[in-house]
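The sequence and structure come first.

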Amino acid sequence: MASECEVTPDDQHEHLRPEGTEPLARIAVDYTPDGEIHVTYDHGARWRSRGRFLPGCAVAATVRAPAGDTAGLNYNLYLSSMEGSSDMDEIDFEFLGNDKRAVQTNLFVAGGGGREMVHQLPFDSSDGFHHYAVAWSAEAVEWRVDGEVIRREERRDGEPWPEKPMYLYASLWDASDVDEGRWTGTYHGRDAPYVFSYRDVRVPAVALSAGEEEEWQDDTNAGDEADAAATTCED
């Protein structure tokens with residue numbers, strides 16, 4: 001069963017908070033060695049918001065990356081309809097442990113990604129806390145660092161788009177096996193423990209209610225059944 005933690009506020013970046021958000025008061029911890037919002041790498045850790053959100057929202061957090069040689073590790077902040085689902089929608093900030101002066105952004109729709117972009121940062125992400133935000137609507141997605149837009153994707157006519165309700169997630173894990181270590185490097189742990197810190201996590205003031213979650217799930221299941229029926233007819 002997922003446990004819960006309280007989140008510590010931080011007023012230093014108050015002016016960067018997206019409009020229409022509120023503090024993330026509590027989180028659901030999916031798996032963790034110690035249950036802290038300051039995530040310490042052991043065998044991986046992940047937390048998420050308790051509710052999901054629809055397009056037309058923004059999320060943000062003030063983040064400090066782990067110190068030391070973090071080769072092999074992936075630490076992140078992202079929106080996902082359901083982590084691990086084959087048809088997930090997702091919007092990512094990912095820090096790649098072999099370069100702490102860069103961040104990768106990505107966008108998934110119905111499980112399909114391939115839109116990775118790596119952005120150079122004017123700072124070492126482990127030297128202090130910096131503000132990261134995602135603004136997501138039915139027309140566009142923006143990724144912002146310290147208030148500056150580093151990427152904007154606008155929806156084109158007929159283009160698949162992330163529309164599912166999404167949780168806010170964050171995790172810290174060993175990605176050494178991805179692309180034979182070319183993505184994040186190879187983990188060796190010489191500077192362990194590695195601590196990834198989150199402050200002033202902001203989420204939309206209104207999440208899906210239990211009734212809306214059920215309605216959305218019913219619509220999703222109905223669509224799956226229709227797809228299955230169509231496949232059977234074609235066969």
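The side chains of Glu-94 and Asn-74 are joined by a polar contact of 3.0 Å. A polar contact is a pair of N or O atoms within 3.5 Å; within protein, one must be able to donate a hydrogen and the other to accept it, and residues adjacent in sequence count only if both atoms are side-chain atoms. The model is predicted: local features need pLDDT of at least 70, side-chain atom pairs count only at pLDDT 80 or more, and totals for chains, interfaces and linings use all residues. Residues are numbered from 1 along each chain as its sequence is written, and side-chain values use heavy atoms, with hydrogens and water left out.

Glu-94 is found in strand S8; strands (E, at least two residues) are DSSP runs, numbered from the N terminus. Glu-94 counts as buried because its relative accessible area is 10%, where buried means under 20% (1.4 Å probe, protein chains only). Leaving aside residues up to four places away in sequence, Glu-94 touches Asn-74, Tyr-75, Asn-76, Val-103, Gln-104 and Trp-183, a contact being heavy atoms within 4.5 Å.

Glu-90 also lies in strand S8, which covers residues 90–96. Glu-90 is buried, at 7% relative accessibility. The side chains of Glu-90 and Ser-80 make a polar contact of 3.3 Å.

An unreviewed UniProt entry places the feature "active site" at Glu-90 and Glu-94. Both Glu-90 and Glu-94 are included in the lining of the largest pocket. UniProt annotations may be inferred rather than shown by experiment. On a 1 Å grid over the protein atoms alone, a pocket is an open set of points where a 1.4 Å probe fits, with protein on both sides within 12 Å along at least five of seven lines; lining residues have an atom within 4 Å of a point.

The count of aromatic pairs is 11. Rings of Phe, Tyr and Trp (its six-membered ring) pair if their centres lie within 6.5 Å, and planes under 30 degrees apart count as stacked. Tyr-78 and Tyr-169 are stacked, 5.2 Å centre to centre with 10 degrees between the planes. Tyr-78 in strand S7 and Tyr-169 in strand S14 are 91 residues apart.

| Charged residue | Ring | Distance to ring centre |
|---|---|---|
| Arg-48 | Tyr-167 | 4.9 Å |
| Arg-151 | Trp-143 | 4.6 Å |

Note on methods
Helix = DSSP H or I, 4+ residues; strand = E, 2+ residues; numbered from the N terminus. Buried < 20%, exposed > 50% of the residue type's maximum accessible area, 1.4 Å probe, protein only. Phe/Tyr/Trp six-rings, centres within 6.5 Å; stacked < 30°, edge-to-face > 60°. Lys NZ or Arg CZ within 6 Å of the ring centre and 35° of its normal.
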